[in-house]
Structures are given as C-alpha cells and as structure tokens.
Amino acid sequence: MTSLVLPQDPPPSLGLPRTQRPTFHCVEFCSTMAQLKQFHSQIIRLGLSTDNDAMGRIIKFCAISESGDLNYALKVFDKLPHPDAFIYNTIIRGYLEAQLTRNCIFFYFRMLQDSVAPNRFTFPSILRACCMDNATEEGKQIHAHVLKFGFGEDLVSQNNLIHMYANFGRLGEAQRVFDKIHQPDVVSWITLITGYSRLGFVDQAYKVFSLMPERNSVSWNAMIAAYVQSNRFHEAFAVFDRMRAEKVELDKFVAASMLSACTGLGALERGEWIHGYIESRGIEMDSKLATTVIDMYCKCGFLEKAIEVFGGLSQRGISSWNCMIGGLAMHGQGEAAIQLFKEMEKEVVAPDNITFVNLLSACAHAGLVKEGRYYFRYMTEVYGIEPKMEHFGCIVDLLGRAGLLEEARNLIDEMPMSPDAGVLGALLGACRIHREIELGEKIGKQVIELEPHNSGRYVLLANLYAEAGRWDDVATVRRLMNDRGVKKVPGFSVIEMDGVVNEFIAGGRGHPQAKEIYDKVDQMLESIRPAGYLPDTDGVLHDIEEEEKEHPLYYHSEKLAIAFGLLKTKPGVTIRISKNLRVCKDCHNATKFISKVFNREIFVRDRNRFHHFRNGECSCNDYW
DNA sequence: ATAGGGTTAG
C-alpha cells in the first residue's frame, strides 16, 4: 500500500454533486505520517488544499490515529478558510486524546467564535475534556449549550453529561440528567451506577442496578466492581452468582473483578476456579488480567502458583514484574525479589517507581538493610527515579524495624517533602517494636493529627502505651477517639472451606457452629500453655473494650478461624487464614505455638504481609 | 458517508 493513484482526470470541481467528486479513502489506508504527507501533497496539487472534505480526512489521520501528528493537523487546519464542524470536532478529539484538555475547551469556544455550529459529535469530547480537567464552570455552560443547540435528546451526549457530573461529585445533577432521558440505554444506567459507586454510594448504585430493565455483562460487572472496590466481597460474590444463574457468560472484566474479590477475601479455591475458567474458555489474558491472576495467587498464599503463571506469560509487562516482586516481598522473600529484579533488568524491562516500592519493601520485610540502602540510591543513580513518599516510607520502615531509629529520623528530616502519615506511621511502628516510648509518643500524636479520621493511627499509639504499661494513656487515646467519633474498623478473619468463605469477627457468635468452635479455641489454647504460651494482653485496643480485656483476647477473629480450621480439616493439612487488620502480638505468638503443638503449617495473611507459621516459628522472624 | 458513550491491575 505504498502508491495509490488519485483520480486526476477530470479535475474535481467543488460544484459537483457528492457522488461525482473524488473520494479520499486512500488516506484511510495510511499507516505512517510519511505516507500521509505524500497523499497530502498530491491532494494539494489537485488544488484541494482548502477543501474541507479532503482536508478533513487528512486532519483526522493526523489528529487521532496512533501514528499521527497533532501539530501537522493544526498546520493543515490553519490553512482552511472555512473549516467545518467535522474538522473542529476532530481537532478537539485530538487534543482530548493527547490529554491537552485546556486546549479542547479553548478550541470549542473558538469554534463558536468562528460561527461554526457544534453538532451531536462535538459534545461528547468536550464534556470529557471538562471532566478530565475538572472544569466545573465550563462543564455547566456546555451542558446549557447541549440543550441550546438542540441535542437534549442525544443519548451519547446525555451519557457523557452523567459521567461528567458524577466525576465532579455532583450526583444530584447526574441523576437529574438521567431522569430526563426518555429511553436510557444500558450505557446510561451503567454510567450512573459507576458514578454512585466511585463516590462511595454503593447502596445507591445497587438501587439503580436493580431498576435496570436489561443487563449485559458490562452492567453486571459494574455492580460487582462496585462491591469489590468498597471491600464488600461477599456481596460481589452474591451478584456474581446471580449473574451466572441468569446465564450471562463472564468476560475478562468480570473475571478480573471476581479475582479481586477472591484476593480481597483470600479465597484461594474460588480464585483457582476463576483462573481455570479463564483458561478453559480461552478468555484473553491481557497484561492486566495476568497481573490480577498473579496478584490473586500471591495474596491468597499460593506463591508457587503465582510464579508458575508469571513464568508462563508470553508477554511480561512492567506490571507483571512489579506484581511478582511485590508478591515475593509480601511473603518475606527478599532475596528472591532481588533476584527477580535482576532478571527484569536482564530482559531490559525498565523498572518504574512501583518496582522500587516493591523491591524496597521486600528488603524491609526481610531485614535486608544493606541491600535496601543500596537499591534506594541505585534507583536514582541508575534510573533517574526520584524517591517519592512511598520510597521514603519503605526505607524508614526498613531502618526502623532494624532498630536504626536515629537514621530513620534523620532521613525523615532530610526528605524533600514533609512526611505523611504513612512515613511517620512506619517510624511509629518501629518505636513500638523497639520500645522507644518517648519518640513513639511524639510521632504518634503527630500521625493522629495528620489523619484524625483513621482509627488505625489511634490504635498504634494506644498499643505503644500499652506496651509501656501506661494504661491511663491508653484510656486517653480511646477517649479521644470516642470524642471525635472515630470508629475502630472491626477486625475479621476468613478461612475458606470447600469453596465456602467462613468469616469470623472477634467474639462473634454468628457462625452456625459457634459453640463447637469456641470449645475448640479453649481446648487449643489450653494445649499450647504447657509448651510455653502465655497470653499477652498488651495489644488490647486491637479488637476490644477495656473491661473485656482478659477474656476476648482468646476470641480474636484469627483464633476462631484457626480453631475452625483445626476442627474441619484432616491432620497435617495447611490452614490458610486472611484478615483485614494486622495480626496482633498475642495471636502471632499463639499461632507459633499452635503450629508446633498441632503440627500444622498455618498461613496468615494480614494487612501488611504473609506469616508462614511452621514448627513454632514464623517466616517473618517476628519482624512485622 | 468521514465522528461520540459504559466495565479490569499495581
């Protein structure tokens, strides 16, 4: 497709009816700018350099196609005496795709100034530009234009208005636009559902979802994703089951959402089922889906399988590498993470800042201080990546855990930005481990004021006080939380059994076999006492109230889940638990003893990492 | 007859 002859004879005349004029389809066969320029010059030689029909096609290629050149499009545009709406729309679209949203808006107003009436194709792009630019004023104004120019009935424009208002956080406006549509289509519904969900109104999203007259896989997925993103995994499963019951096939989007739900719960068996489905149905494994699968196996504790899937990928995008390195980090396999990083470099995949977050956190979790320091410098020196907040967080974590609190503090002082709650929280955690009460207190108060609504920050300081036996101060922190109306996130643990996800909350009696399970906990804790287990009540604020101090420690959610696991599985079978908070000191200690006395491997995934308990020891080396 | 909208990682 290198030479294409344009009709030269007779020379086209602008006065001819459309059917008799030359067509310019040749431009649509272009794949490079060089080819396009050839056609362009031929067309100019035909005397058509100011012909909208011809130039519109040239501009379309330059402004929108992958291999185009927006500046060239603009040059062509500047030579046109009377560009038509198509051409303006195309340039606006080009700016949009180049993410030059201010220029989109600017160009739209220029279009109006040039007295070219916008058409129904104009508004979707310009509304998206307003959306991306957070241009609320212009957005409202353009909404008025949509109506004024008579496109109040155009569905695509209305759907984009819904999208835009939702993005602005103006759900009332979004709903009003939706309500005015005579026949909303599936996209209108989905846009509204996603709008509610992204702003955290999941129940409202569900109300809309349940009103939909017809649903396709995209709408099912919008609802599933809404639940997954708000950590309501059981509800995601419920919607998924309904979708299956209605015989809707899952596509790669639904598969990805459901894998995330499995990841969130630590539901390995169900995750394996989805993965098997993807393979047997030949659902396309793009790099995003591959990353989701690998992430599921990592976070559900099946690291070997994650490595296998990773190894089998024909294309390894940066995110696959990052995910795998992060998985090794989470399992405390620092050396392996570094090995993998070196392999990545060998395959000439350029690491990005996330790669280094994961690599540094691998060093931190494995206590590889020397290596961590090395790669922190390496990142900037070799790849020119300036450390961001997260990188400082990793290094502070690394140094702090290793007891190098002074160095961690100095690093914080030298940071180019002021430390956020995450960075200071890392230092605070280190203070608790190393019983640096005074420094910890100072940092703890700072952290709380940085994130006064994050209950975890209060818990950390309270635990530090508890560590020092300062019970009055523990009470003060709790009072502060109460006064501010900050609710502690309830801790829960889940264990999957024959594909059923069993969820436990501390002291909860909701499980049908509660009696049996609680008896098992008592028996379990009695049998580890002779081996040396002593209950440790320091971490009390973790799950419970003061007056219940002594007792419910025994009934922390992970103890219930482990007891259930012992009850329901054959001797020797590995027990896998995942919980939403960090595992407390007492549970960690107890689990070590359980692994020895009951001769079981126990995997516990907590908020931060994996703990692999075996024969009385934990893979984290008590380093968490 | 050239153009527009919805869902997925880390």
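**Salt bridges in a predicted model**

Mentor: The count comes to 32 salt bridges. Keep in mind that this is a predicted model.

Trainee: Why would side chains pair like that?

Mentor: Side chains of opposite charge can pair when their charged atoms come close.

Trainee: OK, an example. What does Glu173 form a salt bridge with?

Mentor: Arg170 is one of its partners, and the closest N and O atoms are 3.8 Å apart. Arg176 also meets Glu173 in a salt bridge, at 2.9 Å from N to O.

Trainee: How far apart are Arg176 and Glu173 in helix 9?

Mentor: They are 3 residues apart in helix 9, which covers residues 171–180. That puts about one helical turn between Arg176 and Glu173.

Trainee: Is Glu173 buried or exposed?

Mentor: Glu173 is buried, because its relative accessible area is 18% and the cut-off for buried is under 20%.

Trainee: New topic. Which side chain does Asp286 meet in a salt bridge?

Mentor: Lys252, with 2.9 Å from N to O. This pair links distant parts of the chain, 34 residues apart.

Trainee: Where do Asp286 and Lys252 sit?

Mentor: Asp286 is in the loop between helix 15 (268–280) and helix 16 (287–299). Lys252 is in helix 14, residues 252–265.

Trainee: How accessible are they?

Mentor: Asp286 is partly exposed at 22% relative accessibility. Lys252 is partly exposed at 23%.

Trainee: Last one. Which residues do shared partners join into one network?

Mentor: Arg432, Arg435, Glu467 and Lys585, through salt bridges that share partners.

Definitions and conventions:
Residues are numbered from 1 along each chain as its sequence is written. Chains are lettered from A and ligands numbered from 1 in the order in which they are written. This is a predicted model: local features need pLDDT of at least 70, side-chain atom pairs count only at pLDDT 80 or more; totals for chains, interfaces and linings use all residues. Side-chain values use heavy atoms; hydrogens and water are left out. A salt bridge is a side-chain nitrogen of Lys or Arg within 4 Å of a carboxyl oxygen of Asp or Glu. Buried means under 20% relative accessible area, exposed over 50%, partly exposed in between (1.4 Å probe, protein chains only). Helices (H or I, at least four residues) and strands (E, at least two) are DSSP runs, numbered from the N terminus.
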